Structures are given as C-alpha cells and as structure tokens.
Amino acid sequence: MSNSKTSQKIAFFFLFLATLLIIVPVGLIIVIIIQKGLPAINWQFLSDIPRQGMRAGGIFPAIIGTIYLVTGAIIFALPIGLLAAIYLSEYSKDNLLTRIIKLAIVNLAGVPSVVYGLFGLALFVVFCKFGASIISGSLTLGIMILPVIITTSREALESVPHSFREVSLSLGASKWQTIRNIVLPNAIPGILTGTILGLGRAAGETAPILFTVAAFYLPRLPHSILDQAMALPYHLYVISTQVPNVDEKIRYGTALVLLALVLIMNLVAIIIRYKFRKKKKW
Amino acid sequence: MVKFEIHDLNIWFGSLHAIKHVNMEILSNEILSVIGPANSGKTTFLRTLNRLNELATNYKITGAAELEREDIRGIEIEELRRKVGMVFALPLPLPLSVFDNVAYGVRMHGERGKKKLEEKVEEALRQAYLWEEVKDRLSESAFKLSGGQQQRLCIARTLAVGPEVILFDEPCSGLDPISTAKVEDAMVKLKEKFTVVLVTNNVKQAARVADKTAFFLSGELVELDNTDRIFTAPKDKRTDGYIRGKFG
C-alpha cells in the first residue's frame, strides 16, 4: 500500500517536472529577447528606414513588408483553404480521390519550408515571371500555410454537431443552405483560429521568402506587389549573420518586434476562440 | 384519406437489414404511433418518410413509399421535407434566437418579408401552444427556454414551413411528465390539420394519444391496428407480450 503510494508520488513528481520544463525555454526566450531588445524599441526604430548599412535607423520597411506578405498569403490561402475544407468535410465521399487529396494535405504540411522557397522560386519567380516580388512571396507563404488552414477549418466544420445539420435539412433547407446558414457560422471561431495560427507561421518563416521576395537592403517602402520588400525574419537573419558590427540591441529589438507580432496574432486567436466558446451553448 | 402508402419496404445499412418487407398505409388526420423495443427499426422507418436516412453511407432501400400516390424518391427532396416535417427525440433548437428558430425553415424556402415572417412565426408558436410563454422573449437565445419549451419550439419550427405530415421521433424522451403532457396535448390538436406519425418508447403514450398503433420487432411490422384493439386484443402473441412489458 505505502509502496504504491510512494511510486505514485514519484511518478507525479516526474510528470510535473516534465511539464514544468516546458515553461522554461518559452520563458527564457521571452525574457532574454525582451531584456536585450527592449532598449532598442522607440518610435524611431519602429517608423524609420534602416540607415548606415542597417547599423542604425529603424526597421519600418521590414515591418510593412511582413504585413504585406502575411496579408497576401491569407488573401490567397484562406478562400482556397476554406473551400477545400468545406468540400472535404461536407461533400466528399470516402474514395480514392479524397484519400489522395487528404494525403497530399498531410504531405504539404510536412514539406520543409526551404523547399517551399525553392518551389516558389521555380514556379512564381521564374515560370510565372513575377520575379522576386511581394506576390511571389505571398503565394509561396500561402501554399505553405494551406494545410494549416484546411486542417483547422475541417476540424471546425466537423465539430458542428451533426444534429444541427439534420434539423436544418429536415426543415427542407438544401445542403448548401445548411452549410451557409448553420455549419459555417458555427465553425467561424475554429476557422479564424486556424487562420491566425497560419498567419503567425507565415510572419515568422524565413526560408520561403528567401528566394521569392526578400530584399537584403531596401530602405524604402515597396511600390507595388511586383516590387521586392524587406521582411522581419529575413532582416533579422541578415543583420545577425551577414552584416558585421550591428549593435546587439538592434538585433534583439528586431527579434522582439517579430516575436511581438506573432504573439499578438496568437493572442487574438485565443481571444476570439474564448469569446465564441463562451457563447456556444451545446 | 391515405397519406402514405408503403409497399414492400426494405432497408439496409451495410449488411444490417433494418426494415423488412413492411407494407402499410398511413391515413391523414390520425395519429399513428409506432412502438417496439430498441433496434426494432422504428426510427429508421420514420426517417425513411422524409428521406433523412439517405445521409448515412452504405444505405440501401428497395420497395416504395408513396406520399399521395407519388413515390417520395420522385419528389424534390427539399419539397418532400417541407411537406413531411420532423421533430427529433431531444429538443434541438438551432443556435439562434427563438424567432429565428421558427423563421429558419420559412426563410430557407425563400420568404424574406418581415411582416410575413412575423405572422408565420406567431401562428406556428400558437399552434404549438408556446406563444403566450415566449411572446416577450422572441429575441432571446432558444437555449434559454426550458426543455419542454424547447421541444414545443421545435414543433413550432416544423409547423412554420407548412407541412402536411409531422414525424415525431420519441419527442418526449427527454421531458418531465408535465412537459410531456403539454407536448401530447399539442400532438392531439395537431391531428385535426395534419397527419401525425409518432415513434415512442413509451407504450402508455401510444395508448393515450394514438388512433392507430403499429408494433415493430426486429425490423418487421408485426401488427398494425386501431390503438384500442392493439391494447385490448392484439392478434399477435409478440404484441401482447411487448405491451404487457414481458420483453423490450
């Protein structure tokens, strides 16, 4: 008796310790980046173009570039992802084609991001002749986050109770009316969450934009979607490894801005999910 | 008048033969109750009449069900379901307001006029004996109503689209006796205008409200007769055994 209690206590201790360990890296990353980066943050840093070979000035073009890229990626990936998710969860039958599609999505999620970069280079930059541009980068990022959006949207759609669909159909609503009026509105929080998680991922990736859009040094705002742009993750890479004698403050400041951008997106996702969950009644 | 005619109906889900060679007629302005133990095919039979079974995969049907002499598979499915409404076992309000729940089906059939919708909603709620209780709460979430009110709301929602037949699938299984009595009252009044088919696990409920009673066992229709006869002098031993509570 006492023996089993002791072993239970030991087990609990180790389980708790393992869980506790998860907090450590997260906490350390945040603390170090804030500690080292915060001194760099001021209005000029956020709103000015980089100066003196990126050793001074601000990171405004990189922030704007990242926002453009993320927006473009979502404009491309959300409609396609959502429509695909609706098809897969509501219409598709379990046959060979569907299984191939599902397998493709799983594989798409597993492709390393640098491969997306290469793919984007071949397809959008070279073949479509978009050149290194915001549109090439956005499309590449869009393809990268498609699986996230499809998977989370599908889960959101499938979590709408089956009984709601039956009720709607039993009242003589068509399948499409049922999807539009009952299934979609109740799946929105899940879809939004997935979208924002996708956004966060798109904002943070370096490899896919490396060959498709990112400018090494472009101290102005992009003129059009066919223009190159700076972007936060690539800028961070550049000032950390490619340019000598960049003040540590500026590097960590850039990292902090990028981290804040992604964390804010995730926070928004959490808040949306929480609000809708509270409203949920089933 | 004969509303439904069922000819040699067979239904399979995969290898499960759920309904076996059922023949029957359902008359209008009557309550037909369908009784039988669990897994006897009652609900499957009911869901054949509005083709809701077809949502299941590997579903197969032979024979025919005719609504006013027209094979239901020949009727456009939205139109069939408008004519043949259904109230489910548990109160299943949609996550909408009381008003929007009742107006839902009407809207789906193309009615957009606010005035017309208000009329239809009020009429349906009155028919379901719910109007007085909810007339000041129309914009509240339907989930705020009590269980019994929710079930009457579901009845109103079904009535609002103007059905000819109403299928009840164990509508009182989640309700207390008082709410049950209210739903039963509503059903009895409804048969004046509609054809009512009631699947119930509660034999006493069948005895209370039904004009005719059908007894299903393992997918077969064992006996269909006037409710009085079924409960006093059933022809089949199995019917007798079931209503006396010897099995099931």
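**Strand β7 of chain B and the A–B contact**

Tutor: In this predicted model, strand β6 (residues 84-87) of chain B and β7(B) run parallel, joined by four bridges.

Student: What makes β6(B) and β7(B) a pair?

Tutor: Pairing takes at least two bridges found by DSSP. Four bridges join β6(B) to β7(B), so they count as paired. Within that pairing, V87(B) sits opposite F168(B).

Student: How do you know that β7(B) and β8(B) pair?

Tutor: Same test: the cut-off is at least two bridges, and β7(B) has five with strand β8 (residues 195-199) of chain B, again in the parallel sense. V165(B) faces T195(B) there. On the way from β7(B) to β8(B), the chain passes through helix α7 (residues 177-190) of chain B, in a right-handed β-α-β crossover.

Student: Why is strand β7 (residues 165-169) of chain B called largely enclosed?

Tutor: A residue is buried if 20 or more other C-beta atoms lie within 10 Å of its own. Five of the five residues of β7(B) are buried, so the rest of the structure largely encloses the strand.

Student: Which way do the residues of β7(B) point?

Tutor: V165(B), L167(B) and D169(B) go one way, I166(B) and F168(B) the other, and all are buried.

Student: How many residues of chain A are in contact with chain B?

Tutor: Contact means C-beta atoms within 7 Å, and 14 residues of chain A are in contact with 20 of chain B. On the chain A side, α7(A) gives the most, with six residues. That side divides into six nonpolar, six polar and two charged residues.

Conventions. Residues are numbered from 1 along each chain as its sequence is written. Chains are lettered from A and ligands numbered from 1 in the order in which they are written. This is a predicted model: local features need pLDDT of at least 70, side-chain atom pairs count only at pLDDT 80 or more; totals for chains, interfaces and linings use all residues. A residue is buried if 20 or more other C-beta atoms lie within 10 Å of its own, exposed if 12 or fewer, and partly exposed in between; C-beta atoms are placed from the backbone. Helices (H or I, at least four residues) and strands (E, at least two) are DSSP runs, numbered from the N terminus. A crossover is right-handed if, with the strands pointing away from the viewer, the path from the first strand over the helix to the second runs clockwise. Two residues are in contact if their C-beta atoms, placed from the backbone, lie within 7 Å. Ala, Val, Leu, Ile, Met, Phe, Trp, Tyr, Cys and Pro count as nonpolar, Asp, Glu, Lys and Arg as charged, and the others, Gly among them, as polar.
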